[in-house]
Amino acid sequence: MAKGKKPQLPSREPVWFRSIFVTHETENCPACKMHMYLSDKECPHCGYVQDLDQRHAFFVSHEKKKHRAMWQGAIFFTGFILLIAALGWWLDLPHG
């Protein structure tokens with residue numbers, strides 16, 4: 001952070017005025033790697049300002065992480081159900 005510069009609270013204005021955009025989601029700043037809101041054009045920690053291409057990459061990165069997390073959850077849940085079914089078969093538990 002620059003000397004004498006106070007960190008500012010992230011703005012609540014959605015990017016490109018999209019009303020469906022949730023402003024509390026965060027991603028890492030490309031310069032200082034600290035969290036910043038997706039709706040911010042400038043990092044509140046280091047003052048790094050992103051150009052339009054960097055902001056687009058910022059959003060794409062966030063969407064990929066969300067999508068990957070959804071699939072990881074689905075795979076874990078499916079594996080858990082299969083494990084419970086295999087234990088039930090192995091222990092020969094009575095069926096409903």
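Does Cys29 count as buried or exposed, and at what relative accessibility? At 1% relative accessibility, Cys29 counts as buried, where buried means under 20% relative accessible area, exposed means over 50%, and partly exposed lies in between (1.4 Å probe, protein chains only). This is a predicted model, in which local features need pLDDT of at least 70 and side-chain atom pairs count only at pLDDT 80 or more, while totals for chains, interfaces and linings use all residues. Residues are numbered from 1 along each chain as its sequence is written, and side-chain values use heavy atoms, with hydrogens and water left out.

**Overall architecture**

- The chain contains 1 helix and 2 strands; these are DSSP runs, with helices being H or I of at least four residues and strands E of at least two, numbered from the N terminus.
- Along the sequence, these elements follow the pattern β-β-α.
- Of the 96 residues of the chain, 19% count as buried.
- Among the contacts with a separation of 6 or more, 31% are accounted for by residues 24 or more positions apart; a contact means heavy atoms within 4.5 Å.

**Surface**

- The chain exposes about 7800 Å², and carbon and sulfur atoms supply 66% of this area; accessible areas come from the Shrake-Rupley method with a 1.4 Å probe, and for residues only the protein chains shown count as cover.
- A nonpolar patch on the surface is formed by Phe76, Phe77, Phe80, Ile81, Leu83, Ile84, Leu87, Trp89, Trp90 and Leu91, with about 1200 Å² of accessible area together.
- Patches are made of residues with over 30% relative accessible area and no salt bridge; like charges are joined within 9 Å, and nonpolar side chains (Val, Leu, Ile, Met, Phe, Trp, Tyr) within 5 Å.
- One member of this patch, Ile84, is found in helix H1 (residues 52–90) and is partly exposed, with a relative accessible area of 45%.

**Cysteines**

- The whole structure has 0 disulfides, a disulfide being a pair of cysteine sulfur atoms within 2.5 Å.
- Cys29 is in no disulfide, and its nearest cysteine sulfur, that of Cys43, is 3.7 Å away.
- Cys32 is likewise in no disulfide, and the sulfur of Cys43 is again the nearest, at 3.7 Å.
- Cys32 is partly exposed, with a relative accessible area of 27%, whereas Cys29 is buried.

**Aromatic pair**

- A pair of aromatic rings is described by the distance of the centres and the angle of the planes.
- The structure holds 1 aromatic pair; rings of Phe, Tyr and Trp (its six-membered ring) pair if their centres lie within 6.5 Å, and planes under 30 degrees apart count as stacked, over 60 as edge-to-face and the rest as tilted.
- The pair consists of Phe76 and Phe80 and is stacked, at 6.4 Å centre to centre and with 20° between the planes.
- Because Phe76 and Phe80 are 4 residues apart in helix H1, they are separated by about one helical turn.
- Phe76 counts as exposed at 61% relative accessibility, while Phe80 counts as partly exposed at 42%.

**Salt bridges**

- The whole structure has 2 salt bridges, each defined as a side-chain nitrogen of Lys or Arg within 4 Å of a carboxyl oxygen of Asp or Glu.
- Glu27 forms a salt bridge with Lys65, the closest N and O atoms being 2.6 Å apart.
- This pair links distant parts of the chain, since Glu27 lies in strand S1 (residues 26–28) and Lys65 in helix H1, 38 residues apart.
- Glu27 is buried, with a relative accessible area of 6%, and Lys65 is partly exposed at 36%.
- Glu63 forms a salt bridge with Lys66, and here the closest N and O atoms are 3.7 Å apart.
- Glu63 and Lys66 are 3 residues apart in helix H1 and so are separated by about one helical turn.
- Glu63 is partly exposed at 44% relative accessibility, and Lys66 is partly exposed at 41%.

**The loop between the strands**

- Most residues other than glycine have a negative phi.
- Lys33 has a positive phi of about 65° although it is not a glycine.
- Lys33 is placed in the loop between S1 and strand S2 (35–37) and is exposed, with a relative accessible area of 56%.
- Ala31 lies in the loop between S1 and S2 and is partly exposed, with a relative accessible area of 48%.
- Ala31 touches Cys46 and Tyr48, not counting residues up to four places away in sequence.
- Ala31 and Gln50 are 19 residues apart in sequence and 9.7 Å apart in space, C-alpha to C-alpha.
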